[in-house]
Amino acid sequence: MVIGAGFAGLAAVRRLAPAPLEVTLVDRHNFHTFQPLLYQVATAGLAPGDVAYPVRTIFRRRPHVRFVHALATGVDLAAQRVELEGAGPLPYDYLVVATGATAANFGVPGVAEGSFRLYTLEDARRLRNHVLSVLEKADAAGGRDGGAPVFVIVGGGPTGVETAGALVELLDTAVRHDRLQFDRLRARVILFDALDELLMGFPARARRYAQRVLEERGVEVRLGTRVAEVHPAGVRLSTGEEIAADTVVWVAGVSVEGTLAASLAGDPRGGGQKRAPGGRVEVRPDLSLEGHPEVFVAGDAAAVPAPGGRGWSPQVAQVAIQSGDHAARQILRHLRGEPAQAFTYKDKGMMATVGRRAAVAWLRGGLVLRGTPGWLAWLGLHLVYLIGFRNRAVVLVNWAWRYFRWPSGPRLIFGEPGPAPAPANEVERPRPGGGRRA
Ligand SMILES: Cc1cc2nc3c(=O)[nH]c(=O)nc-3n(C[C@H](O)[C@H](O)[C@H](O)COP(=O)(O)OP(=O)(O)OC[C@H]3O[C@@H](n4cnc5c(N)ncnc54)[C@H](O)[C@@H]3O)c2cc1C
């Protein structure tokens, strides 16, 4: 059984599907979400359906793969079964837990109630509605109250950089093409990070390039600045400075706390698994749980060992894909009576867009591409990993169109605006709870 239809879970099921096994995939959503493009949904560059794909369609030609659309609330490791909300427990012979992470608040007051996360498709849809509503409100006021939209983004990693870059473009589009009337020069996008540089983890050249391009395009980049509180009127910095804002987007990091994987570690029935920073579950070199060679944790949920055994691999799509695949391979090896193998992450590089025709791509071998070449590399890679021919075609056409012309994009206000009510991956604390199954 595999819990989670993210990058890790899908990679595991794809590896297991051709084998003569009953494979059950459980997910609380009936679709896979391509998280790297959520910021495009949030800034009205793509529609929600362009970055999500139905799980049943992915495995439609795999009769041995059963999809169960349910929230997994706990794992009884001793009884080898997964507890589901609203349905009876499901037994397993082998289990891959690939439930990802969730947005981390870092204990900052007001974040949960007053800011927008960007972790799920629902988060992205809510943020898009809110952003477009703020722009329409500014237009309706006709600048009379002196109002021009102010967007605060907290977190200078790839998601923060990408969102900030896309928001300034959206402001330009709103004024130039949609003829919204507000003072564009007074509209602000402010990007905060507590560290002294953006895109930590990227080479220095890429970090400097991202900051320069964002600033040239009008983003106010404030580094070495900690946000101490989010409140209805904006944010308070640790220096005491108040920043008034219509919108606060909190993309400062992720955590595994409160998710199903964390309950594995915290539950005494789980054998008291060790936890790495961010609540990630420590696993053995083959990605199995200590004391449970039949249970694997993969992707963002796991503290996946970094190459050379120094620390842990980053929580990115490639680690998730490779670790999910590796966990499934270990199950197949175990069934064949072969010894387990240690996981080795093959780093294929990192990429982030800064805006239209501007991206940084740090490729294997140390090559750094910037500007249009970086943007084309970023585009190509995302098209390769995006699931579904229709989604790829739609996204390619959309981007090609936007490359030459500005005004495209699904700028629809549809559904409820406002911050999402609860982190989407969180589960309640677990309750006690035939042929080969994986
Ligand atoms: C906004 C954003 C942008 C990103 N951009 C990039 C990028 O550009 N490049 C990059 O490499 N990485 C990027 N990442 C990171 C990358 O998306 C993650 O590392 C990757 O998605 C992790 O895959 P996963 O399978 O471990 O978890 P996820 O993709 O999060 O999948 C977890 C799945 O488990 C399901 N689930 C969770 N709990 C339960 C439960 N209790 N019961 C049932 N189902 C459950 C969820 O519904 C979900 O489908 C980004 C992440 C975010 C949030």
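Modeller: Two strands count as a pair if DSSP finds at least two bridges between them, and the model we are reading is a predicted one.

Biologist: In which sense do S2 and S5 pair?

Modeller: Within this pair, Val26 stands opposite Val68 in S5. S2 and S5 are joined over five bridges, and the sense of their pairing is parallel.

Biologist: Which strands stand at the edges of the open sheet?

Modeller: The open sheet has six strands, with mixed pairing, in the order S5-S2-S1-S9-S21-S20. Each edge strand has a single partner strand, so one side of it is left without a neighbour in the sheet; these strands are S5 (65-69) and S20 (288-289).

Biologist: What angle does the direction of H9 make with that of S9?

Modeller: H9 packs on the sheet, where it touches S9 (95-97), S20 and S21 (292-297). Its direction makes an angle with that of S9 of about 170 degrees.

Biologist: Between which domains does the ligand lie?

Modeller: The ligand is surrounded by 35 residues, the closest being Gly4, Gly6, Gln35, Gly100 and Gly299. Helices H1 (7-16), H6 (158-176) and H9 (317-335) and strand S2 (23-27) each give two or more residues to this shell. Because both domains contribute residues to the shell, the ligand lies between domain 1 (2-28 + 70-101 + 256-335) and domain 2 (111-254 + 357-404).

Biologist: How many Å separate the centres of domain 1 and domain 2?

Modeller: The centres are taken over C-alpha atoms. On that basis, the separation between domain 1 and domain 2 is 32 Å.

Key:
Residues numbered from 1 in each chain as written. Predicted model: local features only at pLDDT ≥ 70, side-chain atom pairs only at ≥ 80, totals over all residues. Near = placed C-beta within 6 Å. Helix = DSSP H or I, 4+ residues; strand = E, 2+ residues; numbered from the N terminus. Domains from an automatic or database assignment. Contact = placed C-beta atoms within 7 Å. Axes fitted to C-alpha atoms, helices over the stretch in contact; angles between N-to-C directions.
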